[in-house]
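The entries follow in the order in which I looked things up.

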Amino acid sequence: MDDDLGVAVVIEDDADVRNLLEGVLSQAGFEVHTAVDGRAGVEVVRSKQANVVTLDIGLPDIDGFEVLRRIRHFSNAYVVMLTGRTEEPDLLSALNAGADDYIAKPFRPRELRARVAAMMRRPRHEVSAQKPAAGTWPPAQAAAVPRQHDSAVLQHNGLLLNHRTRTVEVQGQPLTLTRSEFDLLHVLLRGGGAVCTRADLVRAVRGEFYDQDTYISDADERAVEVHIGNLRRKLKEDQVSPRWLQTVRGVGYRLAPSRPLER
């Protein structure tokens, strides 16, 4: 068994799925507590000071989105949503409500462990330089995407990203991004205009390397599209002539060409 990774809370009404999740997380090294509905789950997360939460969207009392909103009032625990629905509106709702990741049912235990491992290797706060949560997960390898250089500060068309402080500014004004939005923007800036496929960006968001034969689902790629859409809204991109994020139809995304700074 791995060293103790902290407290995990499983909020799931299906007994078989709940038992599977409890077993996977216990074997990974977590102290695991469970709840069968949303209201009880919120209280367990609060009382046990959870580090990781798995949260089913379809609960018998209140849905997972509302549970997540309540949890986010008092906890910054890593939250992975479990859902049988992978349509874009559901993914968008989960990500906007503060989920760190999602996984579609049915899932493989190995995949769940990989998702939780990836979450815990990433900085907990969007704009901090804190170390990731402690644990014994194997170290991440870099995603297989083109790299411009390894400088902590990257600039493009009036946008400045500092990887060490995890901060972004546009024309000198701070821009607040989620962890996934920041990671995607960082990868695209490092690419220096090279095309990053949706699969590349899925790997970047997960923070770990996947072999070429590793299955990446349509839902994974749609989640990247949701993140990119959120990024564009926050950047106030011009849809006709984008300044930063350019779509390569049927493939992925790349950094828009450099242009003179606006005055």
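**Entry 1: helix H6**

I began with helix H6, residues 179-191, whose 13 residues reach 18 Å from the first C-alpha to the last, close to the 18 Å expected at 1.5 Å a residue. I note that the model is predicted. I then checked burial and found H6 mostly covered, with 13 of its 13 residues buried. Just after H6, I read a positive phi of about 60 degrees at Gly-192.

**Entry 2: H6 against H8**

I next asked at what angle the axes of H6 and H8 cross. The axes come within 10 Å, and the crossing is at roughly 85 degrees. This makes H6 roughly perpendicular to H8, as angles of 65 to 115 degrees count as such. From H6, I listed Ser-180, Glu-181, Leu-184, Leu-185 and Leu-188, which meet Val-224, His-227, Ile-228, Asn-230, Leu-231 and Lys-234 in H8. Sorted by class, this contact holds six nonpolar, three polar and two charged residues.

**Entry 3: helix H5**

I turned to helix H5, residues 109-120, and found that its twelve residues reach 17 Å from first to last C-alpha, close to the 16 Å expected at 1.5 Å a residue. Why is H5 described as largely enclosed by the rest of the structure? Nine of its twelve residues are buried, so the description holds. I recorded the buried residues of H5 as Glu-111, Leu-112, Ala-114, Arg-115, Val-116, Ala-117, Ala-118, Met-119 and Met-120.

**Entry 4: nonpolar cores**

I then looked up the largest nonpolar core, which has 29 residues. The members that touch the most others are Val-9, Ile-11, Val-53, Leu-55, Val-67 and Met-81. At least two residues of this core come from each of strands S1 (6-11), S3 (52-56) and S4 (78-83), and likewise from each of helices H2 (38-48), H3 (64-72), H4 (88-97) and H8 (218-235). Another core, of 28 residues, lies apart from it and includes Leu-154, Leu-161, Val-202 and Ile-216.

**Entry 5: whole chain**

Finally, I took the totals. The protein chain has eight helices and twelve strands, and 51% of its 263 residues count as buried. Of the contacts between residues at least 6 apart in sequence, 62% join residues at least 24 apart.

Terms used:
Residues are numbered from 1 along each chain as its sequence is written. This is a predicted model: local features need pLDDT of at least 70, side-chain atom pairs count only at pLDDT 80 or more; totals for chains, interfaces and linings use all residues. Side-chain values use heavy atoms; hydrogens and water are left out. Helices (H or I, at least four residues) and strands (E, at least two) are DSSP runs, numbered from the N terminus. The expected span of a helix is 1.5 Å times one less than its number of residues. Buried means under 20% relative accessible area, exposed over 50%, partly exposed in between (1.4 Å probe, protein chains only). A nonpolar core is a set of buried Ala, Val, Leu, Ile, Met, Phe, Trp, Tyr and Cys residues joined through side-chain atoms within 4.5 Å. Axes are lines fitted to C-alpha atoms, for helices over the stretch in contact, and angles run from 0 to 180 degrees between N-to-C directions. Angles under 35 degrees count as roughly parallel, over 145 as roughly antiparallel, 65 to 115 as roughly perpendicular and the rest as oblique. Contact means heavy atoms within 4.5 Å. Ala, Val, Leu, Ile, Met, Phe, Trp, Tyr, Cys and Pro count as nonpolar, Asp, Glu, Lys and Arg as charged, and the others, Gly among them, as polar.
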